[in-house]
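Biologist: I would like to learn how to read a model like this one. Please take me through it feature by feature.

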Amino acid sequence: MDLMMGSSSSDEQGEGEGKKTYHRHTSQQIHTLQAFFKECPHPDDKQRRQLSNELGLEPKQIKFWFQNKRTQKKAEHERADNSVLRAENERIQCENLAIREALKNVICPSCGGPPVGEEERQHSLQTLKLQNALLKEEASNIFNYTFYSSFYLWAKQHLHEKVSTLLAKYTGKVISESESLTPITPTRFTPVIDMERAVMFETAATAMDELIRLLRTNEALWVKSPSNGRYVIQRDSYVKTFPRATHLRSSSARIESSKDSVLVTMNATQLVDMLLDADKWVELFPTIVTKAKTIQILETGMVGNKRNGSLQLMYEEMHVLSPFVPPREFYFLRHCQQIESGLWVVADVSVKQTSHSWKLPSGCMIQEMPNGYSKITWVEHVEVDDKTHTHRLYRDLIEGGWAYCSERWVITLQMMCERLSISNGEITDFGGVITLAEGRKSIMKLSHRMVKSFCSILNMSGELDFPQVSEEHNSGVRVCVRQSIEPGQTKGMIVSAATSLWLPLPCQTVFSLLKDEKMRLQWDVLCNGNPVNEMANISTGNIPGNCISIIQPLVPCENNMMLLQECCNSECLGAMVVYAPISIPATNMTINGEDSSNIPILPSGFIVSADRGVAANSSGSHLTLAFQILVSSPLSSKELNIQSVATVNTLVTSTVQRIKDLLNCCNFD
């Protein structure tokens, strides 16, 4: 192997030679190189030149030797790991086989009779497990959390046969029970014992120190990417400064890093309080964070200042853009520390590995500024392995780090802070025709719930998820069925359908079409060809066109319904149009400032994102549209209306075709 490590490039062999030649190192050279490798596997240019002079070799030979040596060591470690894992796997298989054989001979401890049937035993075992889980959760509510879906159990018993029939009818293939109904694996954290607590405190403190250095260092650890202009971590400098093991060892795993800063209209202490509250964390980032929970508060903070020194064990699920983009889950520690007066740092770091993501020390620095403003500096640093889970339409965008980059976080935060300031009456120079403060606040609260609900349905993996109906040139249509259990929602079964496609037009062009009320009757099948009129609107920020609208059909409809719509457009985030039908009495109640939290709302809408792929057309964009329909009420039968699935699928495909016709994109599938 050392013979090959001394190889030189073909450029040094002279042009015209038929084959490569190799340089054989002397035993003294090999001994010196190996000794230096033990001390420093990554020599810099100065060290390589020093070795070159000492050993009489070219610097390029030194460089190649160390590269090959590192590759050799990595392969040796992987072989050793594989051997250990194989042995462990064989041991577990033997134990599993022994347990299975023992279960075949089990007898009743009460009567000594023969064993019950396998199906009955599994049913009883599952029942006992569920009862045990419920008792544990009731006894230790603050520590134990489970993520079972009660709808899954009902659906498995009642829906599978009809769902399979429907999919066989429309896709030409029968979906087995294991494919169409996959339960969510429950994850449980037991109370943290003293030893684990000490390790978590040390992990959080180390992460805080690392994050502070990342936030305050601009040159040594950060470099500006020539491809997109974002600041990313310089890997060699980072590894030397913060050596650590890699958590994801797949060949497709990668590291995403970014850093950005922005000024927001919220004071620092209020913002820190929102970041430390799991529910407010979701409210603050509704288009990114779909779920969040505080599993355990490990440290409440200092006396008189509960924010400083607080430490929480948390869970979050993030998802953006499309059902064909995989969500990211993190079990992490969130540590808050006040560095000095008016300066806070909130650090996150993973403590439990999920399927394909691990959060390295990330977070933000919050600096108090005059007039109620705060300066936010945000760092995102994660290991991910989601290439095989991401649809090809979004693969370049996701692998380029655009989906969850720091810029998305800070721009979302800036827009949400502006929105909250308008809702609370702190900013008065906004546009719109609804001037009653209570009415404005009630409408903005209802619209925020609508947007949050719409973004949550885009992640269909946690519900009954039907495999996508694959098409040749786009993502196809993905359909899911769920039971409505949200507070204030109409009870019943909801069918959702979504699709994503690429369009050869800029994001702004597509957004302008969807936002134009005069063009709505040409793509919205729910308008029945009738024009609509914007009755009222509220500006949600400084970007022109970002507003909440109440839309009324010019031709009165039988059900007396109006539309609540929110439009949002940003150069970084792309565009979003979300709308939902709302009754006229509910509209009047909301405009008059009454509580809107119990108004049922079932949103549909669009998300438009710029195509940032290297090989893709720079002027292209991705369009995701999702629709929902309520198919039954609490008074109706529990049997699923199969035809409703076909209806919502037809609604999606026909809307796509109409939009492509209006944009002259019929030939782009």
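Biologist: What should I know before I start?

Modeller: This is a predicted model, where local features need pLDDT of at least 70, side-chain atom pairs count only at pLDDT 80 or more, and totals for chains, interfaces and linings use all residues. Residues are numbered from 1 along each chain as its sequence is written, and side-chain values use heavy atoms, with hydrogens and water left out.

Biologist: How many helices and strands does the protein have?

Modeller: First, the terms. Helices (H or I, at least four residues) and strands (E, at least two) are DSSP runs, numbered from the N terminus. The protein has 19 helices and 19 strands.

Biologist: What share of the residues counts as buried?

Modeller: Buried means under 20% relative accessible area, exposed means over 50%, and partly exposed is in between (1.4 Å probe, protein chains only). Of the 669 residues, 46% count as buried.

Biologist: And what share of the contacts joins residues at least 24 apart?

Modeller: Contact means heavy atoms within 4.5 Å. Take the contacts between residues at least 6 apart in sequence: 64% of them join residues at least 24 apart.

Biologist: Show me one residue. Is Leu333 buried or exposed?

Modeller: Leu333 is buried, with a relative accessible area of 1%. Its place is in strand 6 (residues 328-340).

Biologist: Which residues is Leu333 in contact with?

Modeller: Leave aside its neighbours within four places in sequence. Leu333 then touches Met200, Thr203, Ala204, Leu298, Leu311, Gln312, Leu313, Ala347, Asp348, Val349 and Val351. Look at Ala204: 129 residues separate it from Leu333 in sequence, but the C-alpha to C-alpha distance is 6.6 Å.

Biologist: How do I read a phi value?

Modeller: Most residues other than glycine have a negative phi. Leu321 has a positive one, near 75 degrees. Leu321 sits in the loop between strand 5 (311-318) and strand 6. At 5% relative accessibility, Leu321 is buried.

Biologist: Where does Asn371 lie?

Modeller: Asn371 lies in the loop between strand 9 and strand 10. Its phi is positive, about 65 degrees, although Asn371 is not a glycine. Asn371 is exposed, with a relative accessible area of 74%.

Biologist: What do strand 9 and strand 10 form?

Modeller: They form a hairpin with 5 residues between them, and Asn371 is in the turn. Two strands pair if DSSP finds at least two bridges between them. Here 6 bridges join strand 9 (residues 362-368) to strand 10, and the two run antiparallel. Gln367 has Lys375 in strand 10 as its bridge partner.

Biologist: Which other strands pair with strand 10?

Modeller: Strand 3 (residues 254-264) is joined to strand 10 by 11 bridges, again antiparallel. Ser258 is partnered by Glu380 in strand 10. Strand 8 (residues 357-359) pairs with strand 10 over 3 bridges, in the antiparallel sense. There, Trp358 stands opposite Glu383.

Biologist: Why is strand 10 described as largely enclosed by the rest of the structure?

Modeller: Because 10 of the 11 residues of strand 10 (residues 374-384) are buried.

Biologist: Now helices. How are two packed helices described?

Modeller: By the angle between their axes and the distance between the axes. Axes are lines fitted to C-alpha atoms, for helices over the stretch in contact, and angles run from 0 to 180 degrees between N-to-C directions. The axes of helix 2 (residues 27-39) and helix 4 (residues 59-104) come within 11 Å and cross at roughly 60 degrees. Helix 2 and helix 4 are therefore oblique to each other. The cut-offs: under 35 degrees is roughly parallel, over 145 roughly antiparallel, 65 to 115 roughly perpendicular, and the rest oblique.

Biologist: Which residues meet between helix 2 and helix 4?

Modeller: Leu33, Gln34, Phe36 and Phe37 in helix 2 meet Ile62, Trp65, Phe66, Lys69, Arg70 and Lys73 in helix 4. By class, this contact has 6 nonpolar, 1 polar and 3 charged residues. The classes are simple: Ala, Val, Leu, Ile, Met, Phe, Trp, Tyr, Cys and Pro count as nonpolar, Asp, Glu, Lys and Arg as charged, and the others, Gly among them, as polar.
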